[in-house]
Amino acid sequence: MKKRNAHARFMRVNDRFAVFEAAERLRAASKYIEAEKLYNGAARLGGGDEAFKLDCLLSLGDTNRMTGDFIKAIKNYDVAAGLAGRLKDMAGRTDALTGLGLSLRAAGEIKTAIRILKGCAKEYKRFKDRPGMAFAAWSLAGAYRIQGDLPKAIVEFKRAKKMFGVLKDKSGAGYCLTGLGGAGRVAERYGDSLKYYTQANKVFRGLNDKFGVAYSYCGIANAMRMQGDFIGALQFFKKAKDNYKKIGDRVSYA
């Protein structure tokens with residue numbers, strides 16, 4: 001009996017990691033709805049392992065954010081930040097707060113988002129976490145753009161792109177290009193906007209990043225629309241819509 005119970009516990013431990021890894025693969029493939037279900041299943045299998053639960057909460061927050069479910073994302077990141085604090089995992093806490101800042105940014109809480117993201121940028125610098133520093137710079141740039149401070153947003157996007165370039169992170173550099181495309185459009189630099197979104201689209205197609213492809217298609221369409229090319233814009237809006245629908249991003253699809 002004891003031997004069978006030990007075997008059952010062994011299988012349970014291995015199952016949770018297998019489920020989590022399967023969820024990670026689905027998220028990497030932009031299959032966010034399926035990934036969310038598996039992350040929740042992995043968390044249930046984790047039982048009282050709080051470090052494992054933290055990993056699940058962070059990944060759930062990221063998945064919720066990518067599908068535009070910012071209420072769920074805020075909740076998961078907030079719980080993750082509290083759990084990381086109790087575990088004295090300061091790196092995990094900073095990751096959770098960065099996700100929280102991004103979700104608040106998307107929900108329109110710009111001042112709070114900027115305050116949180118500035119704090120996270122300082123923490124990543126203190127940890128000498130270069131990928132974290134680049135991500136924080138990109139996050140802040142997006143917040144400045146939404147706030148309307150376009151010069152600061154463009155400077156931060158370019159700084160983040162340079163940092164991602166040093167790290168040889170093509171995905172990060174691609175998202176900086178979309179940020180520059182968006183800032184260019186708002187600044188009425190429509191030629192620059194189209195250039196940056198087109199470059200980003202090439203990067204994302206090379207990486208098979210379905211969300212990035214959809215996002216950059218939408219940016220290309222908007223840049224064309226602002227230049228008066230409505231037929232071209234409609235073609236790219238359709239491409240964006242079809243891709244957003246496939247990956248389950250309800251907010252962007254709408």
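1. Arg-27 is partly exposed, its relative accessible area being 22%, where buried means under 20% relative accessible area, exposed over 50% and partly exposed in between, with a 1.4 Å probe and protein chains only. Glu-24 falls in the partly exposed class at 26% relative accessibility. These two residues form a salt bridge whose closest N and O atoms are 3.0 Å apart, the term being used for a side-chain nitrogen of Lys or Arg within 4 Å of a carboxyl oxygen of Asp or Glu. Both Glu-24 and Arg-27 belong to helix H1 (residues 2-28), where they are three residues apart, about one turn of the helix; helices here are DSSP runs of H or I with at least four residues, numbered from the N terminus.

2. On provenance, this is a predicted model, in which local features need pLDDT of at least 70 and side-chain atom pairs count only at pLDDT 80 or more, whereas totals for chains, interfaces and linings use all residues. Residues are numbered from 1 along each chain as its sequence is written, and side-chain values use heavy atoms, with hydrogens and water left out.

3. A search of the whole structure gives nine salt bridges. Glu-24 and Arg-27 also belong to a network of salt bridges that links them with Asp-62 and Arg-65.

4. Glu-36 and Lys-72 form another salt bridge, with 3.1 Å between the closest N and O atoms. Because Glu-36 lies in helix H2 (residues 32-46) and Lys-72 in helix H4 (residues 70-86), this pair ties together parts that are 36 residues apart in sequence. Glu-36 counts as buried at 18% relative accessibility, whereas Lys-72 is partly exposed, with a relative accessible area of 40%.

5. A charge is taken to sit over a ring if NZ of Lys or CZ of Arg is within 6 Å of the ring centre and within 35 degrees of the ring normal. Lys-152 is partly exposed at 38% relative accessibility, and Asp-149 is partly exposed at 25%.

6. For the aromatic residues, rings of Phe, Tyr and Trp (its six-membered ring) pair if their centres lie within 6.5 Å, and planes under 30 degrees apart count as stacked, over 60 as edge-to-face and the rest as tilted. The count by this rule comes to 10 aromatic pairs. Trp-138 and Tyr-175 are edge-to-face, because their ring centres are 6.4 Å apart and their planes stand at 70°. This pair links distant parts of the chain, with Trp-138 in helix H7 (residues 130-147) and Tyr-175 in helix H9 (residues 170-186), 37 residues apart.

7. Which residue forms a tilted aromatic pair with Tyr-175? The partner is Phe-204, at 4.6 Å centre to centre and with 50° between the planes. As Tyr-175 lies in helix H9 and Phe-204 in helix H10 (residues 190-207), the pair ties together parts that are 29 residues apart in sequence. Tyr-175 is buried at 13% relative accessible area, and Phe-204 is buried at 0%.

8. Trp-138 is buried at 15% relative accessibility, and the charged end of Arg-105 sits over the ring of Trp-138, 5.5 Å from its centre. One aromatic cluster is formed by Phe-135, Trp-138, Tyr-175, Phe-204, Phe-211, Tyr-215 and Tyr-244.

Methods. Helices (H or I, at least four residues) and strands (E, at least two) are DSSP runs, numbered from the N terminus.
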